[in-house]
Amino acid sequence: MSPLFPSPNELDQRIGKKTKLLLIILLFGAGTVAFLGSILHTALSQRPIPKLVISDTNRALRGPIVSRDGFRLVFSQKLYKAMVNTRNIDPEKRELFIRLFSIYSGIPEKSVRKRLRERGNVVLSYSIDANRAKYLKELARKLRLLKVFIPYKDRSGRIIKYGLSLTESGESRIFSYADILTPVLGFIRKREEDGFTRPAGVKGLERSYRKELLPIQNGIVRGERDIGNTIILNGESFVKPAIDGMTLRLNIPIGLQKAVESILDRAKSELQAKEALACIMEAETGKIVALATSNRYDPANIRRRDYDALNVSAIEYTYEPGSVMKPITFALLLKERKVNPFDIVRTYGGRYKLGRKVITDEHKEEWMSAENVIVYSSNIGIAQLAQRLDAVDFTEGFREFGFMQKTGIDLPYEHTGIMPHVTQMQSEIYKATVAYGYGMRATLMQLVRAYNVFNNRGLLVEPKIVSEIVDPMGKRYPVTPLEPPRQVIPPATAAKMMSILEKVVTKGTGTKAITPGLRVGGKTGTAHIAGKKGGYARLYNSSFIGFANDRSHRYTIGVLVREPKKKYHYFASMSAVPLFKRIVDLMIEQGELKPDPKLSKP
């Protein structure tokens, strides 16, 4: 029979069991609370759950520039950034990755290996073009199947696994034919737009048409994603298309432009000149069909030595044009009825003193007809005839011909040139010197435009390089002049000037320009260059501005040879005129002009 009360030993054993049981229950309860709390925290806290709906931006590109004959001179393409996390590359398959990436990207294995020495996210290239990016995206998929990429844990314990990624990094401007039509096309600089590199026009057409060339609208695609993180396109997806910038279509055919540039290159070399320039303009419309220089550059690789070539000399270089101004002065005299072409002018045997200034002629005649003053380029004759114009008629007459103002050509940074003030033009000396092209400055484009008045029945038109702007939908917007054509001189006066300029070619200083079957005329200009310390240096600019017409086409052409150093070839008749002739012959070869042996003067 057991005792009524447990013994002390039994009591201790019972208390020990109860304590252990209570402790176990407390520990279990605490664990349960902690587990439930963890679940609750996980359930209630925000977690980086992959989005079910994602969006993708497709950036639009800058518009292209296209020649008259359909060649893409300038266009844009996307650049992609290739990036990989080096910690995700399986060390045993590292060389496989390097070899394959090099093959698909075109980047040498040595360069890829060097970049992979860095730890973490590494940019392998910022300039993957669209075509290679397409193949690299396919490579990224294959590398995942080959298990080239492995996961790793970061310091916070998260498991990270990235593959090869390609994202849009910028826009590259491609100049398809290197230096052709430079500096007219211009060049660009880079600017950042939300982490995307964009080109911005700095000079040339890239600058003057910067608004038209700008991308119109970036594209956006938004929708649910699949397991491969690709947007599923269905009825609930949102798609806004990318709309690129507008297309510029030029009046300039690349074949003619390139051939003219080659002629200028040879002329610069042969004449040991600083630069040779040429401009060809369609007389009636003002369309520029060639605007070329011997000093060009590659817009994708501008070097320090190219800096002087960045400017369009035809509109940014002003110079004293010399005798090419004589026909302008003579036309004003005809317009004001202050000269008859058959008037007799005394030329004093080639030496004449006006005030303190001594004026000389190359053709040392005692007398000339007023017309022959132009044909044989008499400084003495035009200096005397110019006195018949008053200061206002002289100054405003030159302004009517487009001097001292911009021509309206669709290029930026055009210079206007300079001329003495109307009060200065009351001086006999100023009238004389300006009449034969000294004491004033003009650009080649201003001279071509002014001579075009003779070739266009007395009308002044604006020169234009761009023919039309085409939007992405194909709608065409013709580029029209800011001002309508303006009648500067009567058609009869223009016709008379044409006849005189033709005589310059057949009998006078421009005989090397004779081209059978065409109406060809023009005027030479050989002008001293003013020295930096006053006076005139022993350097010259040689010009020939004129026209070449067949039965259906009329072109006004200007050439300028800057500082020719070949002996005796600083005379325009020895440099600029033969250059003009080569260009006319080229236009015949390319079908722009068609000689007709039966062609007679209209």
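This is a predicted model: local features need pLDDT of at least 70, side-chain atom pairs count only at pLDDT 80 or more; totals for chains, interfaces and linings use all residues.

Q: How do you know that the span of helix 2 agrees with what its residues should give?
A: Helix 2 covers residues 94-105, which makes 12 residues. At 1.5 Å a residue they should span 16 Å, and the end C-alpha atoms are 16 Å apart, so the two values agree.

Q: Which residues of helix 2 are called buried, and what is the cut-off?
A: Buried means under 20% relative accessible area. In helix 2 that label goes to Phe97, Ile98, Phe101, Ser102 and Ser105.

Q: What covers the buried residues of helix 2?
A: The cover includes strand 3 (72-85) and strand 4 (121-129), together with helix 3 (109-115) and helix 4 (130-145).

Q: What makes the reach of helix 4 close to the expected one?
A: Helix 4 has 16 residues, for which 22 Å is expected at 1.5 Å a residue. From first C-alpha to last, helix 4 reaches 23 Å.

Q: Which residues of helix 4 are buried, and where do they lie around the axis?
A: Ala133, Leu136, Leu139, Ala140 and Leu143 are the buried ones. They cover an arc of only 115° around the axis, so they sit on the same side of helix 4. On the other side, Lys134 and Leu145 are exposed.

Q: What do the buried residues of helix 4 pack against?
A: Their partners are strand 3, helix 2, strand 4 and strand 7 (165-175).

Q: Why is Asp129 called a cap of helix 4?
A: A side-chain oxygen of Asp129 lies 3.1 Å from the backbone nitrogen of Asn131, at the N-terminal end of helix 4. A polar contact needs N or O atoms within 3.5 Å, so this pair is inside the cut-off. Past the helix comes Lys147, with a positive phi near 55°.

Q: Why is helix 9 called largely enclosed?
A: Of the 10 residues of helix 9 (residues 326-335), 9 are buried, so the rest of the structure largely encloses this helix. Among them are Pro327, Ile328, Phe330 and Leu333. Helix 9 is followed by Arg337, whose phi is positive, near 55°.

Q: How do you know whether Ser313 is buried or exposed?
A: Ser313 has 12% relative accessibility, and the buried cut-off is under 20%, so Ser313 counts as buried. This residue lies in helix 8 (residues 313-316).

Q: What makes the pairing of Ser313 with Glu275 a polar contact?
A: Their side chains come to 3.0 Å, and the cut-off is within 3.5 Å, so the pair qualifies. Setting aside residues up to four places away in sequence, Ser313 touches Glu275, Leu277 and Arg562.

Q: How many helices and strands does the chain have, and how spread out is it?
A: The chain has 16 helices and 25 strands. Its radius of gyration is 39 Å, well over the 25 Å that the globule rule gives for 602 residues, so the chain is more spread out than a compact globule. The C-alpha atoms fill a box of roughly 170 × 50 × 50 Å along the principal axes.

How values were computed. Residues are numbered from 1 along each chain as its sequence is written. Side-chain values use heavy atoms; hydrogens and water are left out. Buried means under 20% relative accessible area, exposed over 50%, partly exposed in between (1.4 Å probe, protein chains only). Helices (H or I, at least four residues) and strands (E, at least two) are DSSP runs, numbered from the N terminus. The expected span of a helix is 1.5 Å times one less than its number of residues. Contact means heavy atoms within 4.5 Å. The radius of gyration is taken over C-alpha atoms; the globule rule is 2.2 Å times the number of residues to the power 0.38. The arc is that of the directions from the helix axis to the C-beta atoms. A polar contact is a pair of N or O atoms within 3.5 Å; within protein, one must be able to donate a hydrogen and the other to accept it, and residues adjacent in sequence count only if both atoms are side-chain atoms.
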